[in-house]
Amino acid sequence: MKGPSSPILLSAWAACSCPVKTQNTFDPQLSEPVGDPRDDELFAGAQTHMTAVCDALAAIADAVDVRSDTASPASRRAATHRAIDAGAPVIVCPELPSSPQGHRSGSPDALVLAGIRADRGPGYLPLIIKDYLVLVKHHTLAEFTWVSPLDDPDPRHARMSLDQTFRASRERALIQAVHHWRLLDDLGLVATPDQCPNHRRLVGLVGRDEIAILSDALAVSWLDLDHKFIRTFSRSAASGWRRRSLFDRYDHEHTFRVSVAEHALAGGEPMVAPIVVPECESCQWWATCEPRLADDDLSLRISKAPLDVREISTLRRLGVATVNNLADVRLDELLPVYLPEVQHRPRSEQRLRAAARRARLIREGVLLERNDEGPIEVASSRLEIDFDIETSPDGRVYLWGFEVSDPERLLDSTTGCEPYYVAFSDFTDMDDATEHKLAARAIRWLEGIVNAHPETIIVHYSDYEIVHLRHFGHVCEDERAAVQRLLGSGCFVDLFTTIRAHFFGVNGIGLKVVATAGAGFSWRDPDPGGLNSQTWWDLAVHDPDPDVRAASRTRVLEYNEDDVRATLAVRRWLNDTYQAQP
């Protein structure tokens, strides 16, 4: 039961999640929300990766795997304590006690022996596992990152990364790791930095990264927690921002949330107000927060290139809280007092101006607006092909779709002069060989048309298709020359670049926005989208019911066909509406 005497224990998620969650959790006037309290990231299909990494760590000699203990948390804590006392090199899925004095609870995915602790007993460092890339190429900052193989994760044996460091965009995961370091320190279990590389305080992460110096294998990446590389607001810095370490970031955020929890337990007005952020979509507290927002709240209504929490908070303090407020404000008067408060974000002025434009369009009920005047040049030819691909959840191209516009019947179409759809697909669990075989079929078909009709244009929307085509030119040796010829033919036209030059959209200028709001096109599927199509692909390949598999294949093919029909519709709309009159 909540109350002033309730201990304030925050998990690793708290410091990197919305502080309103903490406020609601400790507000004695609120009931516990219905549903699973875990963060949505835990449901991101990471279990397979998590299991594989844990299995690899558990295979190390003398490692202790607490997963095998299916008894109570108390039993798991006891098993963890015994493993620590014994100096196990790795402890997989440990169960640590909480730290009331530090207001911390939770456990990392593994503990790695890394020397001794202050009382001379075995000292450990935390390791967490993420189902995504955590590193980025960066030669000048690689000196702050070390890597060690999964079968020998000890950071004392780690090698300095030659050209990779941690992505600042993964700050959320890194803050979780710092939480576990602080918890180990609270418990007196953390390894002293004396024997770690360059005497650093470290945390380990295992992502999806393959480390070149370790034979392109998964590995533990160790990060220096004192390395200052996170850009944050700073009132005292002349630039308005400075780079801080993960210790700085975590300690600030954790301390703030402890204060929020204390304030909530004491009662009175809430210390923080809801601001819509991406995690709201799956947050179990949304039903509590939504009524506290105005219907035209800025964070609620502007979903494309949304302003962040500090930007919204600053605007609210300046009396700009709603779409109408921002649409009416004089930006030249607002900017001098606004910009000094948001220098943590590059291009902060452009971000606010774009948000103000969106606010005006929302109020006017306009979804798409021209940036300029005059005619718009749109590529055309007597033979035109609109092109779109679909990828499975693991990134493999399983469908190449083409809409062929052939009014002079150059390709002997059986559909007369109407555009017709051509698809190359493979609804199976593909490996490299099957994916490359499918790509070869599509590439050869496309090259055959271009060879016979060099004037052909091949229209795509953004560079997604070209990136994949170029990839297959690298990995499909037999098709390498064909891809090079296609890419050098001058036939490809990126329709997105035309739209970006001439239009601005409330919800962006993606194909579905432009085709719907501009060309008046509609998809046959009531819920079209690339992520949804991956769900349909999964049903088409794996559902035990053959009728479901067949219906899902049809759904995917119709969705892809509508995508290429949409680019054709956009081109026709541009030609009919914005081309210069003869």
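Modeller: Gladly! Leu 57 touches Ala 63, Val 90, Val 92, Ala 110, Leu 127, Leu 150 and Pro 153, leaving aside residues up to four places away in sequence; contact means heavy atoms within 4.5 Å. This is a predicted model, where local features need pLDDT of at least 70, side-chain atom pairs count only at pLDDT 80 or more, and totals for chains, interfaces and linings use all residues. Residues are numbered from 1 along each chain as its sequence is written, and side-chain values use heavy atoms, without hydrogens and water.

Colleague: Why does Trp 573 count as buried?

Modeller: Buried means under 20% relative accessible area, exposed over 50%, partly exposed in between (1.4 Å probe, protein chains only). Trp 573 has 14% relative accessibility, so Trp 573 counts as buried.

Colleague: What makes the pair of Tyr 461 and Phe 496 edge-to-face?

Modeller: Rings of Phe, Tyr and Trp (its six-membered ring) pair if their centres lie within 6.5 Å; planes under 30 degrees apart are stacked, over 60 edge-to-face, the rest tilted. Here the centres are 5.5 Å apart and the planes at 70°, so the pair is edge-to-face. Both Tyr 461 and Phe 496 are buried.

Colleague: How do you know that the charged end of Arg 170 sits over the ring of Tyr 132?

Modeller: The rule asks for NZ of Lys or CZ of Arg within 6 Å of the ring centre and within 35 degrees of the ring normal. The charged end of Arg 170 is 4.1 Å from the centre of the Tyr 132 ring and sits over that ring. Likewise, Arg 370 has its charged end over the ring of Phe 503, 5.8 Å from the centre.
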